[in-house]
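I opened a new page for this structure and jotted things down as I looked them up. Here are my entries, in the order I made them.

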Amino acid sequence: MKKEIIEIAQNRKARFNYEILEVFEAGLVLKGTEVKSLRQKMGNIGDAYARIRDGEAWLVGMNISLYDRGNQFNHDPLRERKLLLHKSEIRRLTGKLKEKGYTLVPLRLYIREGKVKVELGL
């Protein structure tokens, strides 16, 4: 059984501007209109980065365009979105991000098995 992956967005500048040491896969906490918009490939991670705050990982600066049929239930396109990572991964990343020169950038955004995922590079 082949797992279908639908590519939504890529951050090609990240691999050019940064040396990627480790790659992590994380889920995203999204609203319904955000998922519908991403299925139409209306997401952009070019200016995004991830941060750890209060023991939780957040994706900042990702733009998901408004869903055209979303009416009053539409979302804020630039809101911070929570990343779904294991606690052990968050603790490890917290230690790495405190070291000088490390940052966490999204490399690509995709849908796998019906779930929206983001690939993060350290």
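**Entry 1: Arg81.** I began with Arg81, which is buried at 0% relative accessibility (buried means under 20% relative accessible area, exposed over 50%, partly exposed in between, with a 1.4 Å probe and protein chains only). Before going on, I noted that this is a predicted model, where local features need pLDDT of at least 70, side-chain atom pairs count only at pLDDT 80 or more, and totals for chains, interfaces and linings use all residues. Residues are numbered from 1 along each chain as its sequence is written, and side-chain values use heavy atoms, with hydrogens and water left out.

**Entry 2: polar partners.** What does the side chain of Arg81 make a polar contact with? I found the side chain of Glu34, at 2.9 Å. A polar atom of the Arg81 side chain also lies 2.8 Å from the backbone oxygen of Arg79. A polar contact here is a pair of N or O atoms within 3.5 Å; within protein, one must be able to donate a hydrogen and the other to accept it, and residues adjacent in sequence count only if both atoms are side-chain atoms.

**Entry 3: neighbours.** Leaving out residues up to four places away in sequence, I listed what Arg81 touches, including Leu28, Trp58, Met62 and His75 (contact means heavy atoms within 4.5 Å).

**Entry 4: the strand.** Arg81 belongs to strand β7, residues 81-84 (strands are DSSP runs of E, at least two residues, numbered from the N terminus). I then looked for strand partners (two strands pair if DSSP finds at least two bridges between them). β2, residues 23-28, pairs with β7 in the antiparallel sense over two bridges, and Leu28 stands opposite Leu83. β5 and β7 also run antiparallel, joined by three bridges; there Leu59 has Arg81 as its bridge partner.

**Entry 5: positive phi.** I checked two residues that are not glycine. Asp54 has a positive phi of about 55 degrees; it sits in the loop between β4 (49-53) and β5 (56-60) and is exposed, at 75% relative accessible area. Glu113 also has a positive phi, near 55 degrees. Its loop lies between β8 (105-112) and β9 (115-121), and Glu113 is exposed at 51%.

**Entry 6: a ring.** The charged end of Arg108 sits over the ring of Tyr110, 4.2 Å from its centre (that needs NZ of Lys or CZ of Arg within 6 Å of the ring centre and within 35 degrees of the ring normal).

Key: Helix = DSSP H or I, 4+ residues; strand = E, 2+ residues; numbered from the N terminus.
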